[in-house]
Amino acid sequence: LLTHWHSLSFVLRRVYNSVSHRQYADYYFDLFSNPSTWNRFKTAVRGMKDDSDEHHVPFFAMVFPLFSHRLDDGYPFQKIHDQLRDFLKLQGIQNVDLLPSYRNIPPDRLQAIPGRDSHPNEIAHRIAADALYDGLLAAGLLPEDVVIKKRPLGGRPLKLKHKHIQ
């Protein structure tokens, strides 16, 4: 029936997409609001931080946005980013939130398979790598011999601490 009744097929597809989009968001909200999963996450991060401190290795975190949603002022997971920022700061973990680096880029330009696999693609990884470099540089965690002295095309090496680096 749906192969012949295109308008019904369209409506049902839209309903399905809306429900699955909402369930996807609910899943992530639950991960960070449910005490059981949030406490497990905090315990794991504290364990990694303790291990890095014990071995005198710097610990630096990156917070990726979810590429399944628009990366603008309506991004629904901003409170989770804030929650993570506050937790990492409390633990003394330097970090960079990548949301500002991706702001207003259409998510399908950043997805491995647009509409099917929202994991980061090559473009998204390149943006993350640049933000990680800038974050490590601003945090003073890069050895001098790997600091870029002159960027290609006349660019300057970044020495400023960005507002999104905590």
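**Salt bridges, helix packing and exposure**

Author: A search of the whole structure finds 7 salt bridges, a salt bridge being a side-chain nitrogen of Lys or Arg within 4 Å of a carboxyl oxygen of Asp or Glu. The model is predicted, so local features need pLDDT of at least 70 and side-chain atom pairs count only at pLDDT 80 or more, while totals for chains, interfaces and linings use all residues. Residues are numbered from 1 along each chain as its sequence is written, and side-chain values use heavy atoms, with hydrogens and water left out.

Reader: What is the overall secondary structure of the protein?

Author: Helices (H or I, at least four residues) and strands (E, at least two) are DSSP runs, numbered from the N terminus. The protein has 5 helices and 4 strands, and their order along the sequence is α-α-β-α-β-α-β-β-α.

Reader: How is burial counted, and what percentage of the residues of the protein count as buried?

Author: Buried means under 20% relative accessible area, exposed means over 50%, and partly exposed lies in between, with a 1.4 Å probe and protein chains only. Of the 166 residues of this protein, 30% count as buried.

Reader: Which parts of the chain does the salt bridge between Arg 103 and Asp 73 link?

Author: The side chains of Arg 103 and Asp 73 meet at 3.6 Å, N to O. This pair links distant parts of the chain, 30 residues apart: Arg 103 is in the loop between helix 4 (99-102) and strand 3 (111-113), and Asp 73 is in the loop between strand 1 (60-63) and helix 3. Arg 103 is partly exposed, at 30% relative accessible area, whereas Asp 73 is exposed, at 77%.

Reader: Where do Arg 126 and Asp 130 lie?

Author: Both belong to helix 5 (residues 122-138), and because they are 4 residues apart there, about one helical turn separates them. Arg 126 is exposed, with a relative accessibility of 57%, and Asp 130 is partly exposed, with 38%.

Reader: How does one describe two packed helices?

Author: Two packed helices are described by the angle between their axes and the distance between the axes. The axes are lines fitted to C-alpha atoms, for helices over the stretch in contact, and angles run from 0 to 180 degrees between N-to-C directions. In this model, the axes of helix 2 (residues 35-54) and helix 3 (residues 78-90) come within 12 Å and cross at roughly 40°. Helix 2 is therefore oblique to helix 3; angles under 35 degrees count as roughly parallel, over 145 as roughly antiparallel, 65 to 115 as roughly perpendicular and the rest as oblique.

Reader: What is the handedness of the crossing of helix 2 and helix 3, and which residues make the contact?

Author: A crossing is left-handed if the near helix is turned anticlockwise from the far one by less than a right angle, and right-handed if clockwise. Helix 2 passes helix 3 in a right-handed crossing. Helix 2 contributes Trp 38, Phe 41, Lys 42, Val 45 and Arg 46 to the contact, and helix 3 contributes Gln 83, Leu 84, Phe 87 and Leu 88, where contact means heavy atoms within 4.5 Å. These residues divide into 6 nonpolar, 1 polar and 2 charged. Ala, Val, Leu, Ile, Met, Phe, Trp, Tyr, Cys and Pro count as nonpolar, Asp, Glu, Lys and Arg as charged, and the others, Gly among them, as polar.

Reader: Is Ser 52 buried or exposed?

Author: Ser 52, in helix 2, is buried, with a relative accessible area of 9%. Leaving aside residues up to four places away in sequence, Ser 52 touches Val 57 and Phe 59.

Reader: Which residues other than glycine have a positive phi?

Author: Among them is His 56, with a phi of about 55°. His 56 lies in the loop between helix 2 and strand 1 and is exposed, at 73% relative accessible area. Another case is Asn 104, whose phi is near 70°. Asn 104 is found in the loop between helix 4 and strand 3 and is exposed at 57% relative accessibility.
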